[in-house]
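Subject: Structure for your review

Dear colleague,

Please find below the structure that I am handing over to you, followed by an account of what was found in it.

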Amino acid sequence: MIKHRTQLTFSGIFLILMLCLSLTNVSPALADEGTATAPPSAPTDVPTELPPATDVPTELAPATEVATDTPMTEEVPLDQLLATVPDDTGLVVVNETGDTVSLASQEAADIVQGADPTWCPDGAVPGSASCRRFTSLPTSNQNLTALITDMRTNPGLYSSGTIYLEDPSGVGFTTPLILDDSAGSLSTSFDSLRTINLNVVGGWVPATNGFNGDTDFGLSGVNQGFISIGSASNPWVGNIGIQDVTVTGNTTSNPSVSVFTTSGSVTFNDVDVNNAQNASAILVSTISGNVSLTESDIVNGVNNNGITVTTVSGNISFNNDDVQNQETGNTASLTTQTGNIDVSNGSLFDGNNGNLGFAATSNSGSITITGTPGNPTFRDARGAGDGTNNNGATLSAPIITLTDVTATNNDGHGIAISNANVVTLNNVTSTGNGSDIGSSGNADNNNVGSGVYVNGNPGSTVIVNGGVFRRNQRYGIEVINGTIYILANPSCGTGVNVNDSGCYNTSTVSDNTPPTISFVSQTPANGSGWNNTDVVLTWSCADAQSGVFNSTVSRTVSSEGTNQSATGTCTNHVGLTATNTQSGINIDKTGPIASASAAPAPNSNGWNNTDVTVSFSGSDALSGLAFCDPDMILSTEGAGQSASGTCTDKAGNVSTPAIASNINIDKTGPALNLPANISVGTTSMGATINYTVSATDNFDESATVDCLPASGSVFPLGTTVVNCSSTDQAGNTTSGSFNVTVSDATVIVPPVIPGGTTTGTETDQSPDLFVPVTGGNTIDIVCNPPAAFETQSGDLHLTFNNLCGYQAFLENLSVGALPGALPGGASLLDGFILNVMKDGKSVDPLPKDASILIQFKLPADQKSAKFALLQWDGNEWVEVKGEETADGYFSITTAESGTYIIVRK
């Protein structure tokens, strides 16, 4: 099938480049819109190799002279343009050498017609403001060189897009479109430009801004047109697409169309090559890109392959492509390491009786070829003479499927297959293949060539589903290392149409009955009908005729979902199958979402003073929630406690633990530190009483105390109850009280009756008053450490050691204000209350190394008596050890404030 290019109606589109006003009024008309300032010189010859920088024609305009972003103006038809020329003006067309040509000639039409490339970014069409059009030079009817120069000079202006090629008359473009890193092409700009996705589209008609037919690349004089993108040493990276292009008569050593890419895919659509002489018509090489050829024709090629495609991991696909009359090399040579090869829609590969035939190799992929019934697929591959025999197709892949393929008139095998595990021949026709080797090639005169020859891997399978295998020099179907399974019997001919060695070279197994399949097992679900892992299902297979490939097959369902199904498939050796479907598969691998909440909520300080209950709840989007952990009760006092729990769904998935944290519990109120009952005497109606009350808490270091009446208040005569309370941060409150008794100190105390007695509970005499004070006296202890401070009140002498800066409060203790009964045998002489204070607060006990030396003068008439100093400890009187001094004092050292009395034993 050869597609003929539709030629444009000759609609000459003139642009007057220079009007020369002279006596003769002659104007030279040049190609398209360039303006000539001097007669052009002949272009430099184009070499047969890719042109270096020095081979670029010197007439090419620099990039700065190219009309770039100016929107394309509408071209004026020839008749209208001529109508604007003055009557006395002559019009001349100048060719490439500067010579004028006749307006009536085809050469003049070709020059005037011109061929302008336009580049447009993705999403734009020719004529858009974002496109870049390159009009023809005065010395040439094509301007690809200006496009390439602009791309090299201004690479930043180019992104993924399309080069639209005008559809000129005549031979078309004779300047090659070369996009590589050579100096005459893109040079160093190639590294940035090669990453873009680029399309080359021919057939553009500027007059209508439409498309019609192909754009040609051909030969004119020494100039040669072809397309080359990337190179083997420095390939393109982006995707490449070429459409509606024809290359004719390429005689250089360059392929007519070649593309080298790394990861980019290559797509050809209606790319035709005629009469390629010294290289492949089409050459494509990629690493991981896919290669696709559609509606492309290769005709009359010599001295190399028609089509050469190599890729490492990409797929190769042909769709309705024809290679006809390819005299040497392969009609097509397709190679991929891991990809698949697919040839479809009746492609034709014709060797012209002197060709190596079609070749396709995939190391680990598959080869699928689909022809058209009644039309040849592989034909006329023949060697040069006796002993040289070429196959119509040579295929190598693990899996090969041929449908409606025809191989005929090849002097080797019609189709030769190697390295296959499974070969399927669906309605394949292979006739008239092979040759009888003459004595010069083989002295044994053995026949060579079967219709289909399969040298598969050990244990390989060849499935035959009908077809025709006749008049082949050896077998219709020849299989090495495998078994032939017949699904439908082929036709192997009778009489003169039979194969020389028969239809098959080995026994066959016929089978047109599908295998049987039985469900065996699947991963069991739990009691709720759910799985939380992959579900593996297994079936058993059997076939009484050709046998099955596998006695058991399995299927694994790994996706989450409800009521899923899985189908097992058993296949016998002729490709017949049987299936069985199991449904109701429920899989949930995702655990539920759990949450924890605590009650009651803490107070504003973040504390609870009761037990805290932590509850757990959750949700599950697929199988649903089964249960959550029971409530947890936190009853232990402590800060920063937490409780965690999980939820489980119906598939058995357990959630991530949900945690209720920072739970603070304090059920115990503060401990109040209250003073003993206070008794003071006064000569007024009341007394100012200072006292110290504090509180301690197991968790709250800042627990405060509130008392009424407050310390420093004036207490009236009599006994006043001081009520105190302290509340911690958890809201626990502790209350307590003590008494303050204020007595009238002006009462006249009778003198001591000589011989009087005092019991442990009352006295019948008044004591001698050692402390002549009333109310309370505040003593400022003013000194500089380590000096001591001494003071005296009556016969009471006090020395304060290491208490500089403190205060002492001294009050007289009246007889009736004793906090408890005297010990038996003791008689009261005097009493006083002594408190040491700092910043208005009582200090008891005294700081380390601090002490108070208490000395009182012994009555002169009682020096022989025994005296003692007693301190009230809150429950009873405790004697403070002391001693009499030589100067008549009783001396005691203490480290505690408190209530003291002086008694005679």
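Does Arg474 count as buried, partly exposed or exposed, and what is its relative accessibility? Arg474 counts as partly exposed, because its relative accessibility is 26%. Please bear in mind throughout that this is a predicted model.

Salt bridges

The count of salt bridges comes to 6. One of them joins Glu478 to Arg474, with the closest N and O atoms 3.0 Å apart. Glu478 is buried, its relative accessible area being 6%, whereas Arg474 is partly exposed.

Another salt bridge is formed by Asp116 and Arg133, whose closest N and O atoms are 2.8 Å apart. Asp116 sits in the loop between α2 (106-113) and β4, and Arg133 belongs to strand β5, so the pair ties together parts that are 17 residues apart in sequence. Asp116 and Arg133 are both buried.

A further salt bridge connects Lys589 with Asp534, where the closest N and O atoms are 2.4 Å apart. This pair links distant parts of the chain, 55 residues apart: Lys589 is in the loop between β45 (577-587) and β46 (593-599), and Asp534 is in the loop between β41 and β42. Lys589 counts as partly exposed at 35% relative accessibility, and Asp534 is likewise partly exposed, with a relative accessible area of 32%.

A buried aspartate without a salt bridge

Asp380 is located in the loop between β28 (378-379) and β29 (393-396). Asp380 is buried and yet has no salt bridge. The side chain of Asp380 does make a polar contact of 2.5 Å with the side chain of Asn409. Leaving out residues up to four places away in sequence, Asp380 touches Asp350, Gly351, Asn352, Asn353, Gly354, Asn355, Thr408, Asn409 and Asn410.

The surroundings of Val452

Val452 is part of strand β37 (residues 452-465). Val452 counts as buried because its relative accessible area is 0%. Beyond its neighbours within four places in sequence, Val452 is in contact with residues including Ile415, Ile417, Leu425, Val428, Phe469 and Ile477. Glu478, the salt-bridge partner of Arg474, is also among the contacts of Val452. Between Val452 and Arg474, which are 22 residues apart along the chain, the C-alpha separation is 9.8 Å.

Helix α3

Of the 10 residues of helix α3 (residues 144-153), 8 are buried, so the helix is largely enclosed by the rest of the structure. The buried residues are Leu144, Thr145, Ala146, Leu147, Ile148, Thr149, Asp150 and Met151. Among the elements that cover them are β4 (117-121), β5 (132-133), β6 (161-166), β7 (177-179), α4 (190-193) and β10 (215-217).

A three-stranded sheet

An open sheet is made of 3 strands in the order β41-β42-β43, with antiparallel pairing. Its edge strands, β41 (516-522) and β43 (552-557), each pair on one side only. From one strand to the next, the twist averages 25°. Strand β42 (residues 535-542) is joined to β43 by 6 bridges, and Val536 has Thr556 in β43 as its bridge partner.

A loop residue

Asp795 lies in the loop between β62 (789-793) and β63 (796-801). Asp795 counts as partly exposed, because its relative accessibility is 36%. Asp795 and Pro859 are 64 residues apart in sequence, and their C-alpha atoms are 9.5 Å apart in space.

With kind regards

How values were computed. Residues numbered from 1 in each chain as written. Predicted model: local features only at pLDDT ≥ 70, side-chain atom pairs only at ≥ 80, totals over all residues. Heavy atoms only, no water. Helix = DSSP H or I, 4+ residues; strand = E, 2+ residues; numbered from the N terminus. Buried < 20%, exposed > 50% of the residue type's maximum accessible area, 1.4 Å probe, protein only. Contact = heavy atoms within 4.5 Å. Pairing = 2+ DSSP bridges. Axes fitted to C-alpha atoms, helices over the stretch in contact; angles between N-to-C directions. Lys, Arg positive; Asp, Glu negative; His and termini not counted. Salt bridge = Lys/Arg side-chain N within 4 Å of Asp/Glu carboxyl O. Polar contact = N/O pair within 3.5 Å; in protein donor to acceptor, adjacent residues only side chain to side chain.
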